[in-house]
Amino acid sequence: MSVKYPILGSPIKINGMTMPNRMITTSMSPGEGYVDNTNQPTQRMANYLAERAAGQTGLIIQTIVPWQRTPEDMEGHLLHPLPMCYDESCIPNLKKYMVDPVHENGGRIAAQIYCVHDLKLNPNERESPYGPSDIAILKFMGGFKAMTLEQIAQFKEMFVNGAKVCKAAGFDAIEVMAGVGGVMSRFMARATNNRTDQYGGSLENRARLACEVIRECREALGPDFPIVVRWSPVDFIESPAGPGLSMEESLQICTMLEEAGCDLHDLAVGWHETSVPLTTKKIEDGHWTYISEQIKTVAKKPVAQGYRNTDPEVMEKNLADGKCDVIAGLRYSIADPALPRKVMEDRTEDMRKCIVCCRCINDVVSSGKPLNYCGVNPRLGKELDTLPEPAQQSKRVMVCGAGPAGINAAVTAAERGHKVDLYEAGPRVGGSVKMSSIFSPYHERYLTYMKHILAVHPEITVHLKSPVTAETIKSVNPDACIIAVGGDVKDIPDTIPGKNGTNVINSHMFLDMLNGQKPKATGAFNNFMWWGATLVLKHYYTPAFARKATGAMNWPISKDVAIIGGGLAGCEMGELCMHTGRKTAIIEEGKKVGYDVGASDRFALTSAFKKADNVTTYPLTKVTEITPEGVKAIQTDKEGNATEITIPAKTVAITLGFQRNDALYEAVKDFGGEVYLVGDANDAQRIADATKAGYAAACQI
């Protein structure tokens, strides 16, 4: 029994199934590679599930399609390949690659029978969106066909058949997907249901389809087989036809679902069409439990709440406060498949917590890519196909740079049996995460974890304040060298007058300062201030301290700022300036400010900029000169007309991000040992890319 997490780590019974703890994973199809081109689960899927079962996840939920998908169905669609359960021929693969890997590792698995937007009611038709009516909330998610009574009957029969196939394959439970804007939730909401028959009008009629599906599954599966229902009591949608569900209606629906046979409410919030931020770092952990708290006032069955559950301490508090009975989530499991086990064993420091970077969601949900990347977990995608094998021969490995790439490389190499020396030029580890944690506080979780993982690997010798040159590497003469020194800062052209003015700063200056190196600056006052700040940060630094200092001081960022570069780096700085009351201009040469910000965050961030009184964005704007008074530029409108403008600012910040930094690699690549260039030094991208690159390089040694 967990001492720190006594409720979260305690068992709970869901009908005939007992979960060892209160943590379930919600379903997100991991996509290509986890399923092959014939829509059969693969060994990668088996390994993915096995890791989470071994990590003692209370219940793993995965989506299964109840019809036969064909290559034609997938063509031209943003659809993920999914395992199928349309008849008995599906059972062997479902059992071999999904059920058995979970059961062999002591876990439990539920099949979520897929019915979000698209259906395939007849073998000779293409998969396409169906609903109670043809009403679409968003135009690009339109094309809905109003289901006839005959098609509703077909749908129920297909759903129940799929559930029976999954039970026969050995699944421990099924989940009825009646939320997020899928078929059944569209029936529930007035906004998308203008029917006048027995499936429209009154709340009882609108909830009829979901209740009939649950009831018929109960009859087919037996009284003790657990039925989980995923539904959305709060959907944040409306249309000319009417509003989405009200909480008053949802309280009534809760009772209807239980009477039909629901054993566990798995509550989602919002639909896929919802414009309200649901999963981003702007939403605090546990925020949505206000929904489950209200549902629990009438529910007689356990209630789980999903979205924004990444911190076990918050999870425990919400359970203790009676806001829910079970924690539903997925990103905590993507980040650390063993998190539930660590909860049950009170291993808080060992937890590799999600940093809410949304890389998984942006790739899988927004872009249709497979689940290959996580900010903190390199073992996704092809890395799941094999375990890191012990080295056949222990080698002396030198890792240069202690950011995400370097630390993951060092730890992986050490765990494989190599002797590792990790060199860091600055006084502390973390690389660019030291700086990103100032703008994105959740990143500090990774910073803390990286420090901890080095501390529990005494076989790694860490050399701080140890810059590495080509001569250093040749002198050490390692068997293998992994170069992870970070990217080189992008700058504006030297031809732009004023780029070295006393009012100009860039992101690398802050990183240099955090690394204990006084940045090169112009002007006696600036040099003195940078020297003093660097001296202070050599001895004491936390992201929270830096965040507070930035808000309180008018140096090096004044109260009137022009930011050159409207990508992720510029937007992060712009957001900090916005929240600290600075008058902020964001200048971007391309068409859109926030062009490379992840899809989950982009809309909310750019909307916040538009609404803020102290932020102005300048897309299609090319800087021509920096003066003590601000920035001169040429702005082009949508018709191609160019206008010279002046943007007043006391501070001009250049935030164009990083680029490849391969000078050290080129100098030593032929020295005789194995040499790898990884992370931003090789390809300046995101934290997830660096995390995976370091791990992958260490696996090759």
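What is the volume of the largest cavity? In this predicted model, for which local features require pLDDT of at least 70, side-chain atom pairs count only at pLDDT 80 or more, and totals for chains, interfaces and linings use all residues, the largest cavity has a volume of about 70 Å³. Residues are numbered from 1 along each chain as its sequence is written, and side-chain values use heavy atoms, with hydrogens and water left out.

Two cavities of 30 Å³ or more are present in the structure. A cavity is here a set of points, on a 1 Å grid over the protein atoms alone, where a 1.4 Å probe fits but cannot get out; lining residues have an atom within 4 Å of a point. Grid points are joined across faces, edges and corners, and a volume is the space filled by probe spheres set on the points. The largest cavity is lined by Arg331, Ile334, Cys354, Ile355, Cys357, Cys358, Arg359, Cys360, Tyr373, Cys374 and Gly375. At least two residues of this lining come from each of helix H11 (331-335) and helix H13 (359-366); helices (H or I, at least four residues) and strands (E, at least two) are DSSP runs numbered from the N terminus. By class, the lining of the largest cavity comprises eight nonpolar, one polar and two charged residues, where Ala, Val, Leu, Ile, Met, Phe, Trp, Tyr, Cys and Pro count as nonpolar, Asp, Glu, Lys and Arg as charged, and the others, Gly among them, as polar.

Cys358 is placed in the loop between H12 and H13 and counts as buried because its relative accessibility is 2% (buried means under 20% relative accessible area, exposed over 50%, partly exposed in between, with a 1.4 Å probe and protein chains only).

The second largest cavity has a volume of about 30 Å³. Its lining consists of Ala178, Gly179, Ser185, Met188, Ser232, Asp235, Leu245 and Trp271, which divide into four nonpolar, three polar and one charged. Leu245 is also among the residues touched by Ser250, together with Trp231, Pro233 and Ile295, when residues up to four places away in sequence are not counted (contact means heavy atoms within 4.5 Å). Ser250 belongs to helix H8 (residues 247-260) and is buried, its relative accessible area being 0%.

Salt bridges number 35 in the structure, each defined as a side-chain nitrogen of Lys or Arg within 4 Å of a carboxyl oxygen of Asp or Glu. Arg218 and Asp263 form one of them, at 2.6 Å from N to O. This pair links distant parts of the chain, with Arg218 in helix H7 (residues 208-221) and Asp263 in the loop between H8 and strand S13 (264-269), 45 residues apart. Both Arg218 and Asp263 are buried.

A further salt bridge joins Lys353 to Asp311, with the closest N and O atoms 3.7 Å apart. Lys353 lies in the loop between helix H12 (339-344) and H13, and Asp311 in the loop between strand S14 (303-305) and helix H10 (312-320), so the pair ties together parts that are 42 residues apart in sequence. Lys353 is buried at a relative accessible area of 18%, and Asp311 is buried at 14%.

The side chains of Glu383 and Lys692 meet at 2.5 Å, N to O, in another salt bridge. Here Glu383, in the loop between H13 and strand S16 (396-400), is linked to Lys692 in helix H24 (residues 687-700), 309 residues apart. Glu383 is buried, with 10% relative accessible area, and Lys692 counts as buried at 8%.

Helix H18 (residues 507-514) is mostly covered, seven of its eight residues being buried. The elements covering these buried residues include helix H15 (433-439), strand S20 (488-489), strand S21 (504-506), helix H19 (524-539), strand S28 (651-654) and strand S29 (658-659). Gly516, with a positive phi near 80°, follows H18.

Two backbone features remain to be reported. Trp555 and Pro556 are joined by a cis peptide bond, with omega about 0°; Pro556 is found in the loop between helix H20 (543-552) and strand S22 (560-564). Gln56, although not a glycine, has a positive phi of about 65° and is located in the loop between helix H1 (43-54) and strand S4 (59-64). Gln56 is partly exposed, with a relative accessible area of 26%.

Technical notes. 1 Å grid on protein atoms, 1.4 Å probe; cavity = no way out; pocket = protein on both sides within 12 Å on 5 of 7 lines; lining within 4 Å.
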